[in-house]
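Please report on the fold shown below. Cover the strand pairing, the sheets, the helices, the cores and the confidence.

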Amino acid sequence: MPHAVGSTDSDGLNAIAQRPQQSGQPTEAGALDTLVAAEQSLAAETGEVAQEAHTRIVEQQRIEAAEAAARAEREAKRWLLPVDNYRITAGFGAGGSMWSNRHTGLDFAAPTGTEVRSLSSGEIIFAGYDGPYGNKIVIRHWDGTETWYCHLSRFVLRSGEVAPGEVIGRVGSTGNSTGPHLHLEVHPDGGDPVNPRSWLEDHGVDV
Ligand SMILES: [Zn+2]
């Protein structure tokens, strides 16, 4: 029969194993537990940090994509002058023998061959000869406005999408014209022509 004093080997081991927990002193086993716990905590923190970093990166990418889209939209919706160097020779509504009624556009006199540019982004919906207008391009823009570019000496583009400022043709004097100039018309929503100068100025473009 075993003694009742509790001095067997197994009791002794138990006593040793229990001692540090009772005294609060670290042992190898206790230190290992602490280390494991610390590593788990670190792993959890590292995971959180990584998750936060990932979330930040995703958010940053979302912001940058939104900013790029906004920039692209601003860029596509810009309005610009159709020629760089010009002299206005006839305003909207002017009378005279050149026009069957009143002048329906704005004349930008410039040397033959001067680049003619789209006022904004849009699509070329007509490119061809049109009687008194000569060689004419019509662009329907993103807001529904249609712009006419007339008396062109040549077409650079005849169809498709155009960007703001994209060269579509060259200044000329085709049709009912006495000298090289661009006759520009602005038709809001494809309707009746309005004064291009005040329309452009309303859209931030000084003529
Ligand atoms: Zn004109």
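Strand β1 (residues 87-90) runs antiparallel to strand β2 (residues 106-109), and three bridges join them. Ile-88 has Phe-108 of β2 as its bridge partner. Two strands count as paired if DSSP finds at least two bridges between them. Helices (H or I, at least four residues) and strands (E, at least two) are DSSP runs, numbered from the N terminus.

This is a predicted model: local features need pLDDT of at least 70, side-chain atom pairs count only at pLDDT 80 or more, and totals for chains, interfaces and linings use all residues. Residues are numbered from 1 along each chain as its sequence is written.

**Sheets**

β2 also pairs with strand β10 (residues 181-187), antiparallel, through four bridges. Here Ala-109 stands opposite His-181 in β10. Strand β5 (residues 135-141) and strand β6 (residues 146-152) are antiparallel as well, with five bridges. Val-138 has its bridge partner, Trp-148, in β6.

These strands belong to an open sheet of seven, in the order β1-β2-β10-β6-β5-β4-β8, with antiparallel pairing. β1 and β8 (160-162) are at the edges with a single partner strand each, so one side of each has no neighbour in the sheet. From one strand to the next the twist averages 30°. Angles run from 0 to 180 degrees between N-to-C directions, and axes are lines fitted to C-alpha atoms, for helices over the stretch in contact.

Another open sheet has three strands, in the order β3-β9-β7, with antiparallel pairing. β3 is joined to strand β9 (residues 167-170) by three bridges. Glu-115 has Arg-170 of β9 as its bridge partner.

The pairings with stated bridge counts are set out here.

| Strand pair | Sense | Bridges |
|---|---|---|
| β1 and β2 | antiparallel | three bridges |
| β2 and β10 | antiparallel | four bridges |
| β3 and β9 | antiparallel | three bridges |
| β5 and β6 | antiparallel | five bridges |

The chain has three helices and 10 strands. Along the sequence the pattern is α-α-β-β-β-β-β-β-β-β-β-β-α. Of its 207 residues, 25% are buried. A residue is buried if 20 or more other C-beta atoms lie within 10 Å of its own, exposed if 12 or fewer, and partly exposed in between, with C-beta atoms placed from the backbone. Two residues are in contact if their C-beta atoms, placed from the backbone, lie within 7 Å. Among contacts with a separation of 6 or more, 58% join residues 24 or more positions apart.

Helix α2 (residues 28-76) has 49 residues and should span 72 Å at 1.5 Å a residue; its end C-alpha atoms are 70 Å apart, which agrees. The expected span is 1.5 Å times one less than the number of residues. The number of buried residues in α2 is zero, so the helix lies largely in the open.

**Cores**

A nonpolar core is a set of buried Ala, Val, Leu, Ile, Met, Phe, Trp, Tyr and Cys residues joined through C-beta atoms within 7 Å. The largest has 20 residues, and Ile-137, Tyr-149 and Leu-182 have the most contacts inside it. β2, β4 (122-129), β5, β6 and β10 each supply at least two residues of this core. β6 gives the most, with four residues. Beyond four places in sequence, the contacts of Ile-137 include Ile-124, Phe-126, Tyr-149 and Ile-168. Apart from this core lies another of five residues, among them Trp-79, Leu-119, Val-186 and Leu-200.

**Single residues**

Which strand holds Arg-117? Arg-117 lies in β3. Arg-117 is buried, with 22 other C-beta atoms within 10 Å. Arg-117 and Ile-168 are 51 residues apart in sequence but 5.6 Å apart in space, C-alpha to C-alpha.

Most residues other than glycine have a negative phi. His-151 has a positive phi, near 65°. His-151 sits in β6 and counts as buried, with 25 C-beta neighbours inside 10 Å. Asp-189 also has a positive phi, of about 55°. Asp-189 is in the loop between β10 and α3 (196-202) and counts as exposed, with 10 C-beta neighbours inside 10 Å.

**Confidence**

pLDDT is the predictor's confidence in each residue, from 0 to 100. The chain mean is 88, and 85% of residues reach 70 or more. Over residues 4-8 pLDDT stays under 50, and the model has three contacts for them beyond four places in sequence. Residues 12-17 are below 50 too, with one contact beyond near neighbours in sequence. Where pLDDT is low, the predicted coordinates should not be read in detail.
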